Amino acid sequence: RHNYLIGLAYLKGIDVEVDKNKALFLIENSACKGNIDAIKKLIDMYSVGDSVKVDDLKKLYWEEKLVEEYKKQ
């Protein structure tokens, strides 16, 4: 969860310089560890092109990961 929150800070420039690459790395790291909020953020980012290029394949990958995480709960 910590990486996700720090990633959001870098994404929006909250108390740090905006660094979209670092933000994406941290959010993806958190998502890979099963953080549902991070996964949802990535789905949103790849859907609308928020700090990344619109990418339907990556969006689909994270949607599938989200379903897996919900099944675990």
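Student: Which residues is leucine 66 in contact with, leaving aside its neighbours within four places in sequence?

Tutor: Contact means heavy atoms within 4.5 Å. By that criterion, leucine 66 contacts Ile36, Ile39, Lys40 and Ile43, its neighbours within four places in sequence being left aside. This is a predicted model, in which local features need pLDDT of at least 70 and side-chain atom pairs count only at pLDDT 80 or more, while totals for chains, interfaces and linings use all residues. Residues are numbered from 1 along each chain as its sequence is written, and side-chain values use heavy atoms, with hydrogens and water left out.

Student: Is leucine 66 buried or exposed?

Tutor: Buried means under 20% relative accessible area, exposed over 50%, and partly exposed in between, with a 1.4 Å probe and protein chains only. Leucine 66 has a relative accessible area of 13% and is therefore buried. Leucine 66 lies in helix α4; helices are DSSP runs of H or I with at least four residues, numbered from the N terminus.

Student: Where is lysine 65 found, and which side chain of opposite charge is nearest?

Tutor: Lysine 65 is found in helix α4, residues 56–72. A salt bridge is a side-chain nitrogen of Lys or Arg within 4 Å of a carboxyl oxygen of Asp or Glu; Lys and Arg count as positive and Asp and Glu as negative, whereas His and the chain ends are not counted. Lysine 65 is buried yet has no salt bridge, and the nearest side chain of opposite charge is glutamate 69, 4.0 Å away. Residues up to four places away in sequence not being counted, lysine 65 touches Ala31, Cys32 and Ile39.

Student: How is an aromatic pair described?

Tutor: The distance of the centres and the angle of the planes describe a pair of aromatic rings. Rings of Phe, Tyr and Trp (its six-membered ring) pair if their centres lie within 6.5 Å; planes under 30 degrees apart count as stacked, over 60 as edge-to-face and the rest as tilted. A search of the whole structure finds one aromatic pair. The ring centres of tyrosine 61 and tryptophan 62 are 4.8 Å apart and the planes are at 80°, so the pair is edge-to-face. Tyrosine 61 is partly exposed at 45% relative accessible area, whereas tryptophan 62 is buried at 5%.

Student: What of leucine 24?

Tutor: Leucine 24 belongs to helix α2, residues 20–32, and is buried, with a relative accessible area of 17%. Beyond its neighbours within four places in sequence, leucine 24 contacts Leu42, Met45, Tyr46 and Val52.

How values were computed. Helices (H or I, at least four residues) and strands (E, at least two) are DSSP runs, numbered from the N terminus.
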